[in-house]
Structure formats: structure tokens, C-alpha cells
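Trainee: I would like a close look at one part of this model. Please take me through the helix packing, and then what surrounds it.

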Amino acid sequence: MISLLTAVRQVTGGRPPPTWAKVDKVQQKLGTDNRDAIDAAIRLAVAKNWMRADGDPPASISLTVDGAKMVEANRPPPPTPPSAV
């Protein structure tokens with residue numbers, strides 16, 4: 001789920017919600033041919049209020065403010081610089 005939300009964030013260039021992305025571009029970013037899995041993940045994200053979708057199956061999706069917060073909360077920390085010797 002986080003991978004889907006992160007891919008939407010990346011495809012939209014990190015612009016604030018509601019910035020829409022084509023599902024095909026997000027699917028390409030995720031590197032999968034399994035559109036059924038993408039659609040199921042979108043439905044779950046919409047139910048959790050992390051995403052908005054248009055159409056059934058959706059053609060475009062957008063993160064909500066809660067979805068953007070979820071991406072930020074799960075972003076890996078920056079690498080730790082090597083200690084000075």
C-alpha cells in the first residue's frame with residue numbers, strides 16, 4: 001500500500017493534494033503488469049481516505065492530505081553520514 005501511495009507522490013512530482021496522476025503512469029512506476037492488484041490497492045486506499053479515484057476502474061488517482069501524511073511518515077530516514085575519525 002505504501003508503495004502505491006509513494007508512486008503516486010512521485011508521479012505527481014510531490015505536489016500537494018489534490019494533484020491527479022494517471023493510473024497507467026503509477027502502474028508503470030511500480031513496474032507491474034497486474035492491473036487487478038493496482039485496482040484492489042486503490043479501492044483499499046480510497047476506503048481508508050488516503051486516496052481519491054475517478055471512474056470504475058479508475059483512470060486517475062490523487063492522494064488525500066491523509067495519504068500524503070502516510071507517505072511522509074513511512075519515508076526512510078536519510079543516510080547517516082560516516083563518523084569523523
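Trainee: Which pattern does the protein chain follow when read along the sequence?

Mentor: The order is α-β-α-α-β-β-α. That comprises four helices and three strands. Helices (H or I, at least four residues) and strands (E, at least two) are DSSP runs, numbered from the N terminus. The model is predicted: local features need pLDDT of at least 70, side-chain atom pairs count only at pLDDT 80 or more, and totals for chains, interfaces and linings use all residues. Residues are numbered from 1 along each chain as its sequence is written, and side-chain values use heavy atoms, with hydrogens and water left out.

Start with H1, residues 2-11. Its axis comes within 9 Å of the H2 axis, and the two cross at roughly 115 degrees. Axes are lines fitted to C-alpha atoms, for helices over the stretch in contact; angles run from 0 to 180 degrees between N-to-C directions. H1 and H2 are therefore roughly perpendicular to each other. The cut-offs are under 35 degrees for roughly parallel, over 145 for roughly antiparallel, 65 to 115 for roughly perpendicular, and oblique for the rest.

Now the contact (heavy atoms within 4.5 Å). H1 brings Ser 3, Leu 4, Ala 7, Val 8, Gln 10 and Val 11, and H2 brings Lys 25, Val 26, Lys 29 and Leu 30. The residues of this contact divide into six nonpolar, two polar and two charged. Here Ala, Val, Leu, Ile, Met, Phe, Trp, Tyr, Cys and Pro count as nonpolar, Asp, Glu, Lys and Arg as charged, and the others, Gly among them, as polar.

H1 also packs with H4 (residues 65-73), at about 105 degrees and with axes 9 Å apart. H1 and H4 are therefore roughly perpendicular to each other. Ile 2, Leu 5, Thr 6 and Arg 9 of H1 touch Gly 67, Ala 68, Met 70, Val 71 and Glu 72 of H4. By class, that contact has five nonpolar, two polar and two charged residues.

H2 (residues 23-30) has a further packing, with H3 (residues 35-47). Their angle is about 110 degrees, and their axes are 11 Å apart. That makes H2 roughly perpendicular to H3. This crossing is right-handed. Val 23, Asp 24, Gln 27 and Leu 30 of H2 make the contact with Arg 35, Ile 38 and Ile 42 of H3. Four of these residues are nonpolar, one is polar and two are charged.

One cavity of 30 Å³ or more turns up in the whole structure. The largest cavity has a volume of about 40 Å³. Val 8, Arg 9, Thr 12, Arg 15, Pro 16, Pro 17, Thr 19 and Leu 63 line it. On a 1 Å grid over the protein atoms alone, a cavity is a set of points where a 1.4 Å probe fits but cannot get out; lining residues have an atom within 4 Å of a point. Grid points are joined across faces, edges and corners, and a volume is the space filled by probe spheres set on the points.

Lastly, the backbone. The bond from Pro 17 to Pro 18 is cis, with omega near -5 degrees. Pro 18 sits in the loop between H1 and strand S1 (20-22).

Definitions and conventions: A crossing is left-handed if the near helix is turned anticlockwise from the far one by less than a right angle, and right-handed if clockwise. On a 1 Å grid over the protein atoms alone, a cavity is a set of points where a 1.4 Å probe fits but cannot get out, and a pocket is an open set with protein on both sides within 12 Å along at least five of seven lines; lining residues have an atom within 4 Å of a point.
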